[in-house]
Amino acid sequence: MGKKLTYETVYDQIKQNIKEGIWKQGEQLPPLEQLSAELGVGISSVREAVRILGKQKILRIEQGRGTYVEQDLSAAPASRIDFLERATMLQLTESRLIIEPELAALAAAKASDEEAAEIMETARAMQRKVEKGQDFLKEDMRFHELIAKASHNEIMYRMLEMITDLLVDSRRKSMKWEGMDEKASSYHYLIAQAIVQSNPTQARALMKCHLEDMLVEFQKGEGEI
C-alpha cells in the first residue's frame with residue numbers, strides 16, 4: 001500500500017544481503033553510520049530496521065560491541081523467514097490483546113474531555129484518509145498512543161512505548177490486508193465513541209474485537225508478510 005517507508009527499504013536490503021551470503025552468520029555488520037551512507041538514508045531509518053531485525057532474532061545487537069548476524073538466511077526458504085516474522089507479529093498481537101483492551105477501559109473511565117475529544121478527532125482523521133485511499137499509519141499509531149496516555153497509567157503507557165517499533169511493523173503489514181483499512185477505521189471510531197461516552201465495558205469489548213480480528217489474520221498467515 002502506497003510508498004515504502006524508508007526503513008522498510010533498509011530492512012529488505014539487510015535481509016537480502018544475509019540471504020545472498022554477503023553477510024554470514026556470526027559476522028559483524030558495518031557500523032550504522034556506514035550503512036546509512038552506503039544506502040543513502042538517514043541513520044534513524046537504519047536503526048529502526050536493525051532494531052526490528054534484532055527483535056526477530058535475525059540480527060543480534062550487542063551494546064557497545066556492534067550488530068551481528070544471528071540467523072543464516074542463505075539456506076532458509078522464504079517460508080522460514082515469513083515464519084520468523086509472523087511469529088513475532090503473532091506474539092505482539094497476543095501481547096496487545098492482554099494490554100490494550102484494559103487501556104481502552106481505563107481511558108473511558110479516566111480521560112479528560114480534551115483527551116476524549118482528541119481521540120475522537122484522530123479516529124475521524126483516520127476515516128477521512130481511508131475514504132480517500134490514503135496511508136493512515138500516523139493516525140493509527142497516534143490513536144493507540146492517545147488511549148494509552150488517557151489511561152493515566154504511566155507504567156502501562158511506557159510498556160506500550162517500548163514496543164512501538166514492532167507496532168509500526170505490525171500495522172504496516174496489516175494495512176495490506178484486504179478490507180482491513182475499513183474495519184480498523186470503523187473499530188477506531190466506535191472505540192473513540194465509547195471513550196467519549198465514558199463507557200469502559202464497551203471500550204474494552206471493542207478493542208478486544210479489533211485486536212482479535214488482527215490475530216485471526218496473522219494466524220491465517222495471510223497478507224503480505
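Is K149 buried, partly exposed or exposed, and at what relative accessibility? Here are a few friendly notes on the charged pairs in this predicted model.

1. To take that opening point: K149 counts as partly exposed, because its relative accessibility is 43%, which falls between the 20% and 50% cut-offs. The side chain of K149 meets that of E145 in a salt bridge, with an N to O distance of 3.7 Å. E145 is likewise partly exposed, at 31% relative accessibility. Both K149 and E145 belong to helix α6 (residues 137–150), where four residues, about one turn of the helix, separate them.

2. A pair worth a look on your screen is E102 and R204, whose closest N and O atoms are 3.1 Å apart in a salt bridge. This pair links distant parts of the chain, since E102 sits in helix α4 (residues 78–110) and R204 in helix α10 (residues 200–220), 102 residues apart. E102 has a relative accessible area of 34%, so it is partly exposed. R204 is partly exposed too, with a relative accessibility of 31%.

3. Next comes R65, which forms a salt bridge with E62 through their side chains, at 2.6 Å from N to O. R65 counts as exposed because its relative accessibility is 54%, and the cut-off for exposed is over 50%.

4. For the overall tally, the structure holds 14 salt bridges. The pairs described above, including K149 with E145 and E102 with R204, are among them.

Note on methods. Residues are numbered from 1 along each chain as its sequence is written. This is a predicted model: local features need pLDDT of at least 70, side-chain atom pairs count only at pLDDT 80 or more; totals for chains, interfaces and linings use all residues. Side-chain values use heavy atoms; hydrogens and water are left out. A salt bridge is a side-chain nitrogen of Lys or Arg within 4 Å of a carboxyl oxygen of Asp or Glu. Buried means under 20% relative accessible area, exposed over 50%, partly exposed in between (1.4 Å probe, protein chains only). Helices (H or I, at least four residues) and strands (E, at least two) are DSSP runs, numbered from the N terminus.
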